[in-house]
Structure formats: structure tokens, C-alpha cells
Amino acid sequence: MPSTTRRLIRGLCALLVVGGLPPATAGATDGPGAPPAATQPADDWRVDLDAATADQHNTGHHADGLTIADRRARTRSAPGKAYAVYTAPAQSLGREANVFTVSRRAQVPPGTQLVTEVRGSAHPGRWTQWSTPDADGRLRLPEVVSVLQVRLTLLGSATASPVVSDVTVHAEPDRSDTRPSEDTTGTAPATYRLFATREGLTGQTTANGHVIQSRDHFVALPSRRMLASKGGTEYQVRLCYARTGRCETAPVWDVGPWNTRDDYWNPSTQRQTWYDLPQGTPESQAAYQSGYNGGLDEFGRRVANPAGIDLADGTFWDGLGLTDNDWIDVTFQPADAGGK
């Protein structure tokens with residue numbers, strides 16, 4: 001090989017390293033559901049905030065960074081806030097890890113918020129639930145993973161928006177004996193009796209950017225931890241209504257009802273909030289039935305029903321045959337990394 005060609009190759013590799021992406025991981029996935037291949041471990045990398053293959057809604061790409069494109073856009077999971085969501089392509093680590101540090105550079109004006117979430121895949125076919133880093137940017141996933149994905153949710157006001165200029169991730173050496181298994185999902189599958197309400201809201205936008213259609217088929221849960229990508233089925237629930245004998249499996253495309261940080265399907269040691277409630281009991285149900293939290297939801301609103309799940313119209317009417325809000329059986333399905 002001529003010396004000029006060798007120098008050119010070395011120079012290109014150096015540029016990749018300086019840019020924060022090892023040559024083996026410079027290629028990302030074609031979408032949020034398909035992990036890429038890697039030949040070298042990646043300990044540090046920069047999240048691509050301009051990826052054409054990112055799963056995104058209402059994002060603006062300006063010289064200063066990622067921001068909200070239209071501050072008039074709304075979703076019911078963030079009352080009174082403009083919002084945008086950006087899910088970066090999945091990143092292959094080339095090895096296993098479960099402890100990460102996420103660093104970000106962003107302008108977050110008063111009255112706005114930037115939510116950073118991370119999930120991982122141990123093998124094709126499974127994702128962990130989404131996790132939020134602590135105040136120092138650190139997080140530990142419930143199992144070691146070889147693929148990681150970052151999601152950014154920007155919440156703004158009528159006059160201001162967060163602007164994200166840089167997000168980097170550091171994978172720490174694995175010292176955990178928490179190994180992946182074929183059935184690992186972050187929680188064991190379980191069935192709960194929940195009060196279901198009809199979401200409706202045709203023409204409005206869900207928390208993952210889906211525009212609600214007439215007779216749509218999806219559900220909303222009151223936590224972002226099981227919010228699937230737009231059009232995705234990574235997180236699903238199995239619904240059964242005893243009165244009609246009908247069942248349907250539906251993806252989780254929205255956040256609600258009532259709360260947005262109530263992952264009641266997780267044990268108290270993992271639950272985001274309301275740690276003293278029994279697993280499987282939504283905060284709204286406890287508030288309505290026994291006056292828990294003064295009978296209020298996380299926003300201080302008086303809880304008017306015990307709903308722990310919302311159903312889109314097609315799931316409500318056509319899938320289960322409901323004619324009014326009622327109690328149904330809900331089984332939480334394994335997370336499917338290939339379900340885009």
C-alpha cells in the first residue's frame with residue numbers, strides 16, 4: 001500500500017476518534033428497533049442529535065442545537081407545555097455493561113424542562129424499561145446490555161424552549177453479576193385488575209408523537225418507562241374484558257391517565273414515585289378509593305376516577321367491546337426490541 005494512502009487512512013481514523021466515535025461504532029442503526037453490529041468496545045460516545053434515522057417529533061435542528069420546532073404543539077402528558085421528543089438511533093457497545101453516565105450540554109430556561117432517558121438491550125428481542133439518570137447523570141440498568149438508546153423529551157413554554165447542544169455517554173466496566181436471560185424484561189410478567197377509561201382525543205398527539213386516528217388501537221400508561229417509539233410495539237399489554245370475553249394486545253403509545261411518573265407495575269424498590277403503594281395499585285386508584293395523597297394526582301388535580309390505563313377508541317370499542325369505562329385485566333408483556 002503506498003505511503004500516501006496509509007497516511008490518509010490514519011488521518012481519517014484520527015478524525016473519527018476525535019469526534020467521539022470509535023471507527024467500529026461510527027455507523028448507527030437504521031432505526032430504534034434494530035441494534036447495529038460492532039467490532040470494538042465503545043466506552044464513550046457522543047449521541048447524534050442530527051440523525052436522519054432518529055425517531056423524532058416536533059424537533060427543530062438549529063445552529064445552537066436541538067430544540068422544539070413549534071411551541072404551540074401540545075400533548076396531554078405535559079399539561080400546558082410545548083413538547084418535542086427525540087429518540088437517537090441505538091448504539092452498539094461491543095461489550096456488556098449496565099452502569100452508565102450521561103452528560104449533556106443544554107440551555108434549559110426557567111419554566112422549561114429536559115427529560116433524558118436511557119434503555120438497553122441484552123439480546124435481539126428485548127429492551128429494558130426506560131430509566132432516568134440521577135442528578136449526577138448516573139444510572140444502573142437492571143441487567144447488563146450490549147446495545148443502548150437515549151431519548152430526549154423537551155418541554156417548553158409559549159416563549160422559551162430547551163436547547164440541547166451535546167449529549168455524551170460513558171459506559172463503566174461491568175462489575176455486576178446481573179446477567180441477561182431469555183425472559184428478562186425489567187419486571188416479571190404480571191396481571192392486574194385495572195379501571196380502564198376511553199382516551200378519545202382523535203386528532204391530538206400522543207407522548208411518542210403519534211397523531212390519534214379514529215378507532216385507533218393503543219393504550220396509555222401513567223409512566224414513560226414503557227412508552228414505545230412512534231408506531232412501535234416494544235412495549236405492549238394484553239387486555240381482557242370478562243363481560244365480553246374479548247382480549248387484545250395493544251402497544252403503549254401515550255402517557256396517562258392522571259399521572260406521568262406512576263409505574264405501578266414495578267415493585268416498590270424500582271417504582272419512580274408512590275413507593276408505599278402495593279405493586280399493581282395505581283396512585284389514582286388509591287387516591288380515588290381511599291384518599292391517598294389527599295385524593296390528588298401528581299399535578300394537584302382532584303382524581304375523579306380510579307383509572308390506571310387509558311384505551312384508544314378502537315381498543316375500547318372494537319377490541320374489548322366496552323360500552324363504558326370498566327374494570328379489565330391487564331397483563332404486562334415482555335419488551336420486544338424488534339417491535340418497531
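A disulfide is taken here as a pair of cysteine sulfur atoms within 2.5 Å. In this predicted model, local features need pLDDT of at least 70, side-chain atom pairs count only at pLDDT 80 or more, and totals for chains, interfaces and linings use all residues. Residues are numbered from 1 along each chain as its sequence is written, and side-chain values use heavy atoms, with hydrogens and water left out.

By the sulfur-distance rule, one disulfide is counted. Cys 240 and Cys 247 form this link, with their sulfur atoms 2.1 Å apart. The angle about the S-S bond is 115°, and the link of Cys 240 and Cys 247 is right-handed. Relative accessible area is classed as buried under 20%, exposed over 50% and partly exposed in between (1.4 Å probe, protein chains only). Cys 240 is partly exposed because its relative accessibility is 23%; Cys 247, at 33%, is also partly exposed.

Asn 266 lies in the loop between β13 (246-255) and α2 (283-290), where helices (H or I, at least four residues) and strands (E, at least two) are DSSP runs numbered from the N terminus. With a relative accessibility of 1%, Asn 266 counts as buried. Its side chain makes polar contacts with the side chains of Asp 263 (2.8 Å) and Gln 129 (3.1 Å). A polar contact is a pair of N or O atoms within 3.5 Å; within protein, one must be able to donate a hydrogen and the other to accept it, and residues adjacent in sequence count only if both atoms are side-chain atoms.

The chain as a whole contains three helices and 15 strands. Of its 340 residues, 54% are buried.
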